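Please review the briefing below alongside the sequence and the coordinates. It is arranged by topic for quick reference.

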Amino acid sequence: MSVSKPIRLALLGCGTVGTEVVRLLHHQADDLTARIGAPLEIVGVAVRRLGRERGDLPIKENLFTTDALGLVKRDDVDVVVEVVGGIEPARTWLVEALRGGKSVITANKALLAEDGAALHDAAAEGGADLYYEASVAGAIPLLRPLRESLHGDRVTRVTGIVNGTTNFILSSMDASGAGFSEALEEATELGYAEADPTADVEGFDAAAKAAILASLAFHTRVTAADVFREGMTGVTAGDMASAQEMGCTIKLLCIAERGPDEAGVESVSVRVHPAMIPRSHPLAGVGDAFNAVFVEAEAAGQLMFYGRGAGGTPTASAVLGDIVAAARNRLSGTRAPSESNYAHLPIRPIGAAVTRYHINLDVDDRPGVLATVAGVFARHEVSIATVRQSGREEDAKLVIVTHGAPDANLAATVDSLSQLEMVRSIASVLRVEGGV
């Protein structure tokens with residue numbers, strides 16, 4: 001077969017993911033050339049510091065530079081691969097590349113969730129490809145199915161476990177009965193959690209990914225600021241034990257839904273929070289640091305995507321898939337599907353989202369408590385699904401699971417319960433998903 005001249009790559013970042021991208025490009029060079037119809041050639045690598053020891057990385061030292069913007073502007077660059085992360089200066093680099101007609105592959109979820117519009121607009125202006133499969137779920141083929149395979153369908157809901165660190169922690173708590181601190185310590189020792197795990201355990205990472213998923217699924221620009229976010233640091237061993245008693249487990253979920261609000265207006269709701277789900281749910285069995293996303297569409301029905309959602313090699317696999325697609329497009333003179341945001345759906349606030357609550361109350365052990373508590377729920381137009389009473393005297397508890405209701409009503413109910421003299425404390429409040 002005839003082979004075209006090389007497709008020339010500029011790599012921005014050479015950390016964990018960037019290093020694996022270089023290794024895979026080297027080890028699979030012949031196969032990649034055969035698949036694309038042209039060899040791939042790295043013509044520059046932008047790094048923060050020169051002279052750093054990089055082991056046996058198969059790349060010439062003279063290709064490294066600290067001038068990322070200068071590298072992006074070079075005429076001999078066809079494709080820019082960004083694995084640095086952060087908002088700036090990555091946004092400036094990628095906008096420059098796209099406006100200049102260069103294909104861009106990025107794993108930068110934070111930038112896409114905060115200002116993906118700038119990248120998509122620059123891609124349209126420059127007639128360039130923008131690929132970002134690696135930004136959400138590592139090696140799992142997820143964004144392209146949403147972007148292309150399901151483009152003829154109507155996606156109504158996306159529910160996912162999209163952060164491996166939090167899933168490892170909650171899976172450990174479920175299996176061992178450990179508390180959050182102990183499970184986090186284990187995750188850190190095993191390398192699943194960063195020294196500062198805030199972005200993971202407080203839900204920032206998952207919220208960025210939820211925004212990207214919702215944008216693709218519902219043809220509407222959704223940013224991280226549109227996503228309701230609640231972290232999982234408040235989940236206790238007691239919460240997990242209570243979930244187990246109900247045949248459930250607890251997962252940090254990203255949930256994106258499309259549908260009518262109370263006024264009948266079609267809108268989008270996007271949220272990230274810990275939730276109880278029944279063990280029969282497909283996401284309940286997703287353990288360790290794995291990711292999984294459950295997609296529901298009108299014609300296709302229910303679809304499940306599962307695999308390793310993080311790590312250098314899995315993420316590099318997704319990056320290489322995008323490189324191959326972009327390289328093929330350049331050879332054939334075609335483009336990737338452009339952004340689809342025609343729907344322009346409004347974002348529904350968390351208060352208008354229909355959810356269910358699991359509420360654990362420490363109460364006085366005396367007559368009339370249950371009737372008074374039930375009256376609070378009725379006042380806020382929240383229907384009770386189940387009530388479980390346990391303990392006596394100082395150990396008296398009420399565990400209540402509601403039917404679906406606007407989150408604002410449920411939150412107001414909890415606030416009113418906290419003001420009752422007979423309620424000593426609200427031990428925990430968790431949202432409930434699935435058929436519990």
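Predicted model: local features only at pLDDT ≥ 70, side-chain atom pairs only at ≥ 80, totals over all residues.

- Helix 2 spans residues 29–36, and its buried residues are L32, T33 and I36.
- The partners against which the buried residues of helix 2 pack are helix 1 (16–27), strand 2 (40–46) and helix 13 (312–332).
- G37 follows helix 2 and has a positive phi, near 95 degrees.

**A297 in strand 11**
- A297 belongs to strand 11, which covers residues 290–297.
- With a relative accessible area of 8%, A297 is buried, since buried means under 20%.
- Apart from neighbours within four places in sequence, A297 is in contact with D153, R154, V155 and T156.
- V272 lies 25 residues from A297 along the chain, and their C-alpha atoms are separated by 20 Å.

**Cysteines**
- Across the whole structure, the search finds 0 disulfides.
- The closest cysteine sulfur to that of C254 is in C248, at 19 Å, which is too far for a bond, as a disulfide requires sulfur atoms within 2.5 Å.
- C254 counts as buried, at 3% relative accessibility.
- C14 also counts as buried, with a relative accessibility of 9%.

Note on methods: Residues numbered from 1 in each chain as written. Heavy atoms only, no water. Helix = DSSP H or I, 4+ residues; strand = E, 2+ residues; numbered from the N terminus. Buried < 20%, exposed > 50% of the residue type's maximum accessible area, 1.4 Å probe, protein only. Contact = heavy atoms within 4.5 Å.
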